[in-house]
Amino acid sequence: MSRRMVFALFAVFLGWSVFVAPYGLVQAETFTLKAVTGWPKTASEYKAFATFTDLVEQMTAKKYPGELKIQYIGGPEAVKTPDQVQALQRGMVDMVFTTTAYYLSVLPEVDAIKLSDYTPSGERASGAWAYINELHAKKIETYYLARLGLGTKFHLYLKKPISGADLKGLNIRVSPMYLQVIKGLGGNPVVIPPTEVYVALERNVVDGYCWPSVGIGDWGWQKQTKYVVDPGFYQVPNPLLVNHSTWSKLPKKLQDLLTEAAVEAEKKVVADFDELAKKERPNLLKEGIQVIDLPAAEKEKFLKVGFDEGWKDV
């Protein structure tokens, strides 16, 4: 091929590049966010994350096709739940959907979120979201994108009945989320991962456990449970976090898209889990689980102990 021909082809290529760039014909860069969750796909909590990712996918396809992708790596099987936020800080993953109990060791202040009376939307409107995000940015270099629910309470589930706010002599499976309330009520907290709860119940290692009002059937625990205690307590605080460096590198339009999806997902998740909670109780009754509705004075004591003990560690 002659030099003249090579020069001509190069000129054509250069002209084409100059032409397509201003008119947006050059394919935009794709930003891929690697994500992990504190629960497996089979858990009810994962539905909240799926609500968010579905919205992101729909909004991206409509506004910026091909420019943003959330790649789901997995749950605890991919990165152990207690290690996920540390993996986020190190840049091993870009996004984590978890619960505050699993990173209290690096940011103890987040324990206060469970004590809030606000919905996630209410936290944004009140300025609480901005303050919480500032804490995450300064102390653990993460971006607090959203609190995806769940809009439900925790409950105490038991193999043995109780008549009051007294758990003396009972071994109760806990996470750091509700360890304080169990100790305050006289129970013996036993910290084990969800994957070990069924066997612990079956072998009478524990007499009960705490869990949200939705989801014990995901793990088969209803087969080893005889009672659910009212009242419910605390809020289920499940944050969606992004590595701060990753967030900073995203174009403003994609940051705005993620924020828009997060705000919408927060509202949708609360509504969805409210409906799931309404269906859950009848299902538990069908399984033969009985409701222990504590007397008014005992309910008051239960909640007072829970919140008094909860605030002590914040």
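**Rings, a cavity and a helix residue**

Modeller: W221 is buried, with a relative accessible area of 1%. Keep in mind that this is a predicted model.

Biologist: How many aromatic pairs are there in total?

Modeller: The count comes to 17 aromatic pairs. One of them joins F49 and Y72, with 6.0 Å centre to centre and 45 degrees between the planes, which makes the pair tilted.

Biologist: Where do F49 and Y72 sit in the chain?

Modeller: F49 is in helix α2 and Y72 is in strand β2, which covers residues 68-74. The two are 23 residues apart, and the pair links distant parts of the chain.

Biologist: And F49, buried or exposed?

Modeller: F49 counts as buried because its relative accessibility is 1%, and the cut-off for buried is under 20%. Y72 has a relative accessible area of 23%, so this residue is partly exposed.

Biologist: Back to W221. Why is its pair with W219 called stacked?

Modeller: The ring centres of W219 and W221 are 5.6 Å apart and the planes are at 20 degrees, so the pair is stacked. Planes under 30 degrees apart count as stacked.

Biologist: Which rings are linked into a cluster?

Modeller: F154, Y178, F233, Y234, F302 and F307 are linked into a cluster by ring pairs.

Biologist: New topic. How many cavities of 30 Å³ or more does the structure hold?

Modeller: One. The largest cavity has about 130 Å³ of space.

Biologist: What lines the largest cavity?

Modeller: The lining has 14 residues, and W39, T99, F154, Y178 and W211 lie nearest the centre of the cavity. F154 and Y178 also belong to the ring cluster.

Biologist: How does that lining split by class?

Modeller: Nine residues of the lining are nonpolar, three are polar and two are charged.

Biologist: Last one, M59. Where is it?

Modeller: M59 lies in helix α2, residues 44-63. F49 is in helix α2 as well.

Biologist: Why does M59 count as buried?

Modeller: Its relative accessibility is 10%, so M59 counts as buried, with the cut-off at under 20%.

Biologist: What is M59 in contact with, leaving aside neighbours within four places in sequence?

Modeller: On that basis, M59 is in contact with Y64, L257, E260, A261 and E264.

Biologist: And what separates M59 from R203?

Modeller: Their C-alpha atoms are separated by 48 Å, and the two residues are 144 residues apart along the chain.

Technical notes: Residues are numbered from 1 along each chain as its sequence is written. This is a predicted model: local features need pLDDT of at least 70, side-chain atom pairs count only at pLDDT 80 or more; totals for chains, interfaces and linings use all residues. Side-chain values use heavy atoms; hydrogens and water are left out. On a 1 Å grid over the protein atoms alone, a cavity is a set of points where a 1.4 Å probe fits but cannot get out, and a pocket is an open set with protein on both sides within 12 Å along at least five of seven lines; lining residues have an atom within 4 Å of a point. Grid points are joined across faces, edges and corners, and a volume is the space filled by probe spheres set on the points. Ala, Val, Leu, Ile, Met, Phe, Trp, Tyr, Cys and Pro count as nonpolar, Asp, Glu, Lys and Arg as charged, and the others, Gly among them, as polar. Helices (H or I, at least four residues) and strands (E, at least two) are DSSP runs, numbered from the N terminus. Buried means under 20% relative accessible area, exposed over 50%, partly exposed in between (1.4 Å probe, protein chains only). Contact means heavy atoms within 4.5 Å. Rings of Phe, Tyr and Trp (its six-membered ring) pair if their centres lie within 6.5 Å; planes under 30 degrees apart count as stacked, over 60 as edge-to-face and the rest as tilted.
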